[in-house]
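Please read them with the sequence and the coordinates open.

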Amino acid sequence: MTEWAGPARYLPPHEPTTRDDGALHYSGLTYAVAFGYRPLQLDLWVPAGDRPAPLVVWVHGGGFMFGDRRILPETFRPNQVFDALLDAGLAVATIDYRHALEAPFPAQLQDAKAAVRYLREFADRLGISTEKIGAIGESAGGHIVAALGLTAHRADLEGTHGVVGPSSAVDAVVDWYGVADLSAMPRQAPPPHIAEKLPPELLVAPEDQLTRGLEGAALADASPITHVTPDAPPFLLVHGTADFLVPFSQSEALAAALTAAGVEARLVPVEGAAHIFDGHDDIDGLVQLSVAYLQEALR
């Protein structure tokens, strides 16, 4: 009889399935268990090839309140971003994180950091290269990847669940219309035609649900712009100029702060586009722009 060793902090990778194109698919890897919460999982696609593929981590949006690692916004084709990364020879991991009503900030950032540490720990087994890691996210996910890219120096934001030890740093960030400065977010109600379709929980500003009464330094920690240093990785920020939910000025401010610190930052305004690039007629072009940026950064 074996002695019980306590609950698992994570589960090692299981065997993948192989797609028709030779890519490997690891579905539902439990990268961390934050006790008292659901297991946190990720999916990983690894392109066919003789050499370990550079890794990109995708973080979904949903106002910190909903969303799914497997689902893209309705303005994109199913799996469009994941397929484009694979076609570029990049592995892509899509991750769960705790939503705002499950746990307030910094839980979401700590979950993303735990996912990166897990992928580094098992890189050889998974057939990926983690010498350089890219991160891309949209909306709430854009906020999370920006914070992920900017807080490698903050051990107090690392968290202790999942694999501990490996670095959670990333080497390039693509931030699609994410919140950069919570203190500068407008407190405006959604239009009536949208509000009437929302449950009460979504009528509260997402950033208020995320922070739940945090004040002072704790509130500042939830704003990626607070963490800009000269050691930050390069950023690509892509944002619709007509975004009602997250104003374009959020990405303008983060790009300015990065540039002032001497960090490479490129801001791409998407003229007339609303949130999730709604109203833009070349989503394919924005995806390819972002994938090419990551491909170059991780080369």
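1. Basis. This is a predicted model, in which local features need pLDDT of at least 70, side-chain atom pairs count only at pLDDT 80 or more, and totals for chains, interfaces and linings use all residues. Residues are numbered from 1 along each chain as its sequence is written, and side-chain values use heavy atoms, with hydrogens and water left out.

2. Helices α2 and α4. Helix α2 covers residues 107-121, and its axis lies 9 Å from that of α4 at an angle of about 65 degrees. Axes are lines fitted to C-alpha atoms, for helices over the stretch in contact, and angles run from 0 to 180 degrees between N-to-C directions. The angle therefore makes α2 roughly perpendicular to α4 (65 to 115 degrees; under 35 is roughly parallel, over 145 roughly antiparallel, and the rest oblique). Helices here are DSSP runs of H or I with at least four residues, strands are runs of E with at least two, and both are numbered from the N terminus.

3. Residues between α2 and α4. Q108, L109, A112, K113 and V116 of α2 make the contact with I144, A147 and L148 of α4 (heavy atoms within 4.5 Å). By class there are six nonpolar, one polar and one charged residues in this contact. Ala, Val, Leu, Ile, Met, Phe, Trp, Tyr, Cys and Pro count as nonpolar, Asp, Glu, Lys and Arg as charged, and the others, Gly among them, as polar.

4. Helices α1 and α9. Helix α1 (residues 80-87) packs on helix α9 (residues 283-297) at about 45 degrees, with the axes 10 Å apart. That angle makes α1 oblique to α9. The crossing is right-handed. On the α1 side the contact uses Q80, V81, A84 and L85, and on the α9 side I283, D284, V287, Q288, V291 and L294. Seven of these residues are nonpolar, two polar and one charged.

5. Largest pocket. Its space is about 1200 Å³. A pocket is an open set of points on a 1 Å grid over the protein atoms alone, where a 1.4 Å probe fits, with protein on both sides within 12 Å along at least five of seven lines; lining residues have an atom within 4 Å of a point. The lining has 42 residues, and G63, F66, S139, L245 and H275 lie nearest the centre. Helices α4 (140-150) and α6 (206-211) each give two or more residues to the lining. The lining divides into 26 nonpolar, 10 polar and six charged residues.

6. Backbone points to check. The peptide bond from F105 to P106 is cis, with omega near 15 degrees. P106 is in the loop between β5 (91-95) and α2. F64, in the loop between β4 (53-59) and α1, has a positive phi, near 65 degrees, although F64 is a residue other than glycine.

Methods:
Left-handed = near helix turned anticlockwise from the far one by under 90°. Points joined across faces, edges and corners; volume = space filled by probe spheres on them.
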